[in-house]
Amino acid sequence: MATLTFPIVPAGLIVDVAVNLEAALLVPLRSRGSGPSLVQARGLIDTGSDITAVALPILQQLGIPAIHKTTTQSIGGSVPVNLYRVSLHLLDAQNVGRPWLSQPSLLVMELARGFPFDVLIGLDILLTCKLLADGPARTFTLEF
Amino acid sequence: MEEKGLNPVEILCRKAFDPSSARLLLPVERPTMHFTELPEDTSESPLATEWNFYRREVARLLSEGHEGRWVLIEGGQIIGVWDTENEADRVRLQRFAMQPVLLKQICVREPILRGGGYHRGWRR
C-alpha cells in the first residue's frame, strides 16, 4: 500500500494537489510535445462534499471547458453549477518522489467564489483510499 | 454495560439514550429534485444556454423514453442521445474536445450534490 502523510494544521486537513487536462486530452497533446503545464494548488479535505471542487481560475488557466451542469445547495437555495473533467493528483510537494494518488479523469465542480483554498477534496476521491487521522499526533495519512 | 472508567456524564447519557429514535433523524438518501424544479441559470457562465435548453426539453426527452440515457447539447441543439456516458463522452472528445458542451444524464429526479463550498459562508 502506498501512503501520503501530512500534518494536521489549524486550517484543517491540507494536501498538495496538481491539476491538468483530463488524460484523454492530455496524453495525445503530450505525445506531440504540447499541452499545458500542470497547476499546483492547495487542497482541503472535506468529508461533507460529495464531489471534489476546483477554483475557476485554475480551470481557466488550463483552458478546460465546462462539460456538465448539476445542482447544489447554496445558502440561498438550489443553484446550477458547472462541472469539468480534469486529471487531479494528491501528492507531497516536499517529497514529490513519494507515490501520488492520481485520478486521470475526474469530474469536478467549480469552487464557490471566496473559498479560501484552491481545491476541495470530496468523497469521490476519499472513497478511493483510506483516510487515517491521528489526532493526538496531529497527522493524517492517505493510504491507497 | 461496563461503567468503570466512564465519566459520570457519559454514564447518565448512555442510560438516557434511545437508539430507536436517534435513527429516525438520519437521512439515508441523497437529496434530489424533480426535473420540473430545476433552477434556471440566469448567469452568463458557460453552459447556461445549454442548461436552460435542457430544462425546456427534459419533459419531452423523458416522455420519449430516454430516462437514464445521456444527452449531449451544444447551444440550443441536441447533438445526440446515447445509452451510456462513455458513448456520449467519446463523441464529446472527438467533436468538442476543448469547448463547453453539456453532457447530461436524463433524469426524472436530479441529484443535488453537496460540495464546492456553496452552502457555507466562507471568508478569506
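Leu21(A) stands opposite Val86(A) in β6(A), where strands are DSSP runs of E of at least two residues and helices are runs of H or I of at least four, numbered from the N terminus. This is a predicted model, in which local features need pLDDT of at least 70 and side-chain atom pairs count only at pLDDT 80 or more, while totals for chains, interfaces and linings use all residues. Residues are numbered from 1 along each chain as its sequence is written, and chains are lettered from A and ligands numbered from 1 in the order in which they are written.

**Strand pairing in chain A**

- Strand β2 (residues 12-21) of chain A pairs with β6(A) in the antiparallel sense over six bridges; two strands pair if DSSP finds at least two bridges between them.
- Eight bridges link β5(A) and β6(A), again antiparallel, and Lys69(A) stands opposite Asn82(A) in β6(A).

**Overall build of chain A**

- Chain A contains three helices and 10 strands, in the order β-β-α-β-β-α-β-β-β-β-α-β-β from the N terminus on.
- The radius of gyration of chain A is 15 Å, close to the 15 Å that the globule rule gives for 144 residues, so chain A is as compact as a globular protein of that length; the radius is taken over C-alpha atoms, and the rule is 2.2 Å times the number of residues to the power 0.38.
- Along the principal axes, the C-alpha atoms of chain A fill a box of roughly 45 × 45 × 25 Å.
- Of the 144 residues in chain A, 40% are buried, a residue being buried if 20 or more other C-beta atoms, placed from the backbone, lie within 10 Å of its own.
- Among contacts in chain A between residues at least 6 apart in sequence, 67% join residues at least 24 apart; a contact requires C-beta atoms, placed from the backbone, within 7 Å.

**Nonpolar core**

- The largest nonpolar core has 52 residues, and those touching the most other members are Val19(A), Ala53(A), Val54(A), Tyr84(A), Val86(A), Val108(A) and Met109(A); such a core is a set of buried Ala, Val, Leu, Ile, Met, Phe, Trp, Tyr and Cys residues joined through C-beta atoms within 7 Å.
- Strand β6 (residues 77-91) of chain A gives the most to this core, with six residues.
- Leaving aside residues up to four places away in sequence, Val108(A) touches residues including Ile51(A), Ala53(A), Tyr84(A) and Leu88(A).

**Sheet of chain B**

- Three strands of chain B form an open antiparallel sheet in the order β3-β2-β4, with β3 (77-82) and β4 (102-105) as the edge strands, each pairing on one side only.
- Strand β2 (residues 70-74) of chain B is joined to β4(B) by four bridges, and the bridge partner of Ile73(B) in β4(B) is Leu102(B).
- Helix α3 (residues 48-63) of chain B packs on the sheet, touching β2 and β4 of chain B, at about 140° to the direction of β2(B); axes are lines fitted to C-alpha atoms, for helices over the stretch in contact, and angles run from 0 to 180 degrees between N-to-C directions.
- Helix α4 (residues 85-95) of chain B touches β2, β3 and β4 of chain B, and its direction makes about 20° with that of β2(B).

**Interface between the chains**

- 31 residues of chain B are in contact with 33 residues of chain A, and α4, β4 and β5 (109-113) of chain B each supply at least two residues of the chain B side.
- Strand β5 (residues 66-74) of chain A pairs with β5(B) in the parallel sense over two bridges, and Thr71(A) stands opposite Ile112(B) in β5(B).

Note on methods:
Buried ≥ 20, exposed ≤ 12 C-beta atoms within 10 Å, placed from the backbone. Contact = placed C-beta atoms within 7 Å.
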